[in-house]
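Good morning. I will go through one chain today, beginning with a single residue and then moving out to the whole. Please have the sequence and the model open.

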Amino acid sequence: MSLFHHLKLTVTLFGLCLASVAIADLQRFEHPTKADGSLSVMVIGDWGRRGTHNQSEVALQMGKTAEKLDTDFIISTGDNFYEDGLTDVHDAAFDESFTNIYTAPSLQKQWYAVLGNHDYRSNALAQLSPVLTKRDSRWLCMRSFILNAEIVEFFFVDTTPFRDKYFQEDHTYDWRGVLPRKDYLSNLLKDVDSALRESTATWKIVVGHHTMRSAGIHGDTIELVAKLLPILQANNVDLYINGHDHCLEHISSPDSPLQFLTSGGGSKAWRGKVKGWNPKEMKFYYDGQGFMTLQITQNEVGVQFYDIVGNVLHKWSVTKSVYASI
Ligand SMILES: *[C@@H]1O[C@H](CO)[C@@H](O)[C@H](O)[C@H]1NC(C)=O
């Protein structure tokens, strides 16, 4: 074989290999449970406004609640930095809206974040950069990834590229890494589907920025209802958690155990427009600021929503008997 052919073969193999790595797997992270096998998680969304619009008040209450519950980690459902994400990895908004706001000792835990539509304006790659983790070691933001926490597996999904209108609007969205869009979305759906199918965790929780079911101003995200929802239902996902609508909300499914939980009350709220909804499915809606917690054990997931003075506004739980190999 000539050197040329040899090189060409190597390049081709290398190319195939790269392609299969990119397609086959979502990056995985592990987070241990507490010694008793339980897990306490806090969920916040739509927050980064340099402390304004009650962001600091929410943060203060998160700190108190996280201390009481001994929160293990914090999930951000996206729209981390308003209005237009970060300009670059040195953007002062990262300190002003994150590091200098969530200062309580109980919040000095790992944060797992996804990108919201506002984060995709200006420089989407900045929030994904390890430089930010150097600036604040709590920070981990990725487009789509899996977090295994023994009794529960979280599947973080990049929902912004699903939305047709962002590809039609005049806003400047940073689509680096997302184009060609059709391939990006079909690979992502395939990855999420196979990861869910292979999961042996008792609880499966999917996290994205955009709503699937919501009575808020944005309402349902039709692209996710069409493309992602059937995958969640087919794989017995327990919870879909999102932000985007600046409210706290719990909607149940008419035809499956899947629950839709919105935690988008991290700062600006009080939109004042709530759509009518079937009261059998609408378990809870709060138009103001606040956050959500999950208390997870092998047999039970408890969900609680809090306002900015620490009132528990809504409480819900689900149990599962575990016949798994003991
Ligand atoms: C801050 O929260 C309080 C209590 O919920 C509310 O009355 C007030 O309108 C909020 N302020 C803003 C700017 O949202």
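Start at D70, which is partly exposed, with a relative accessible area of 43%. The value lies between the two cut-offs, since buried means under 20% and exposed means over 50%. Keep in mind that this is a predicted model. D70 is located in the loop between α2 and β3. Its phi is positive, about 50°, although D70 is not a glycine.

Where is D46 found? D46 is in the loop between β2, residues 39-44, and α2, residues 55-69. Its phi is near 60°, again a positive value in a residue other than glycine. Is D46 buried or exposed? D46 has 0% relative accessibility, so it counts as buried. D70, as I said, is partly exposed at 43%.

Next, the peptide bonds. Two entries here are cis. E83 sits in the loop between β3, residues 73-76, and α3, residues 93-99. Another cis peptide bond joins L179 and P180, and there omega is about -5°. For P180, the place is the loop between β7, residues 152-157, and α6, residues 181-198.

That is it for single residues. On to the chain.

How many helices and strands does the chain have? The secondary structure comes to eight helices and 15 strands. As for overall extent, the C-alpha atoms fill a box of roughly 75 × 50 × 40 Å along the principal axes. The radius of gyration is 20 Å, and this agrees with a compact globule, because a globule of 326 residues would have a value near 20 Å.

Burial comes next. Of the 326 residues, 56% count as buried. The accessible surface of the chain is about 14500 Å², and carbon and sulfur atoms account for 56% of that area.

What about contacts? Take the contacts between residues at least 6 apart in sequence: 73% of them join residues at least 24 apart.

Last, charge. The chain has 31 positive and 38 negative charges. How far apart are their mean positions? The mean positions of the two sets are 3 Å apart.

That is the end of my part.

Terms used:
Residues numbered from 1 in each chain as written. Predicted model: local features only at pLDDT ≥ 70, side-chain atom pairs only at ≥ 80, totals over all residues. Heavy atoms only, no water. Helix = DSSP H or I, 4+ residues; strand = E, 2+ residues; numbered from the N terminus. Rg over C-alpha atoms; globule rule 2.2 N^0.38 Å. Buried < 20%, exposed > 50% of the residue type's maximum accessible area, 1.4 Å probe, protein only. Contact = heavy atoms within 4.5 Å. Areas by Shrake-Rupley, 256 points an atom, 1.4 Å probe, with all protein chains shown as cover. Lys, Arg positive; Asp, Glu negative; His and termini not counted. Charge placed at Lys NZ, Arg CZ, Asp CG, Glu CD.
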